[in-house]
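Have the viewer open and follow along.

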Amino acid sequence: MDCARACAWGGGTIINAIATGHGAAFPISLRVMAEVCRSDRLEVATYADVDVEPIRKVVQMVAERWGVGPVAVKITGDLPPAGGLKSSSAVVNALVSATAKLAGADVDLFDVTRINAQLSREVGISVTGAFDDAVASATGRSYLTDNYKMIVLRELDVSGRAVVLIPPYEKRRQRLEEMRAIAPVIRTAVAYVIHNS
């Protein structure tokens, strides 16, 4: 069977992009792997107990983008889902990268992240497209980004170790109005990062 594989990393938030469109994230060593194989029908299998419908939509859109026809996808990894660790960005990055390899398409990591952000908005995974999260997940480095323009503003030095505690909790939708209300604080943080990194 004709298959291709790719992996992407999880991460954490430095600056949340919901308030202003500017965001930054850092990568962590937990990851996901996507295996994409040519098939006679669309199939999605994942290690995580999540709703696979958004993943199916992404797989279908990416397969159509590169004309690889129906594909069977298997997602594995050690990145906990739905815990704020950029698992959605990592899954979409891995899917896009693996499908591009399968199709023989020439895309770099930043192409992958822009495709990720576009698809994430279209299927409703993310409000902003989470371009900052996608960049950290794909490259293993941290950048300040403009999520609406999908451009990198500067690389950030955030080397070191992080301890990630993941208590059980029930995920709820973000309160967008509350996030946008802190826009002045976020603008101050972005200005500080730009001038002091």
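## The disulfide

Cys3 and Cys37 form a disulfide, with their sulfur atoms 2.0 Å apart. Keep in mind that this is a predicted model. The bond ties together distant parts of the chain: Cys3 belongs to strand E1 and Cys37 to strand E2, 34 residues apart. Searching the whole structure turns up 1 disulfide.

What about its handedness? The torsion about the S-S bond of Cys3 and Cys37 is about 110°, so the disulfide is right-handed.

As for cover, Cys3 is partly exposed, at 27% relative accessible area, while Cys37 is buried, at 6%. Another cysteine, Cys7, is partly exposed, with a relative accessible area of 31%.

## A covered helix

Now look at helix H4, which spans residues 131-139. How many of its residues are buried? The count is 9 of 9, so the helix is mostly covered, given that buried means under 20% relative accessible area. Among them are Phe131, Asp132, Asp133 and Thr139.

And what do the buried residues of H4 pack against? Their partners are strands E1 (3-15), E2 (22-38), E5 (142-146) and E6, along with helices H2 (87-103) and H3 (109-122).

Leu153 sits in strand E6, residues 151-156. At 36% relative accessibility, Leu153 counts as partly exposed.

Note on methods:
Residues are numbered from 1 along each chain as its sequence is written. This is a predicted model: local features need pLDDT of at least 70, side-chain atom pairs count only at pLDDT 80 or more; totals for chains, interfaces and linings use all residues. Side-chain values use heavy atoms; hydrogens and water are left out. Helices (H or I, at least four residues) and strands (E, at least two) are DSSP runs, numbered from the N terminus. Buried means under 20% relative accessible area, exposed over 50%, partly exposed in between (1.4 Å probe, protein chains only). Contact means heavy atoms within 4.5 Å. A disulfide is a pair of cysteine sulfur atoms within 2.5 Å.
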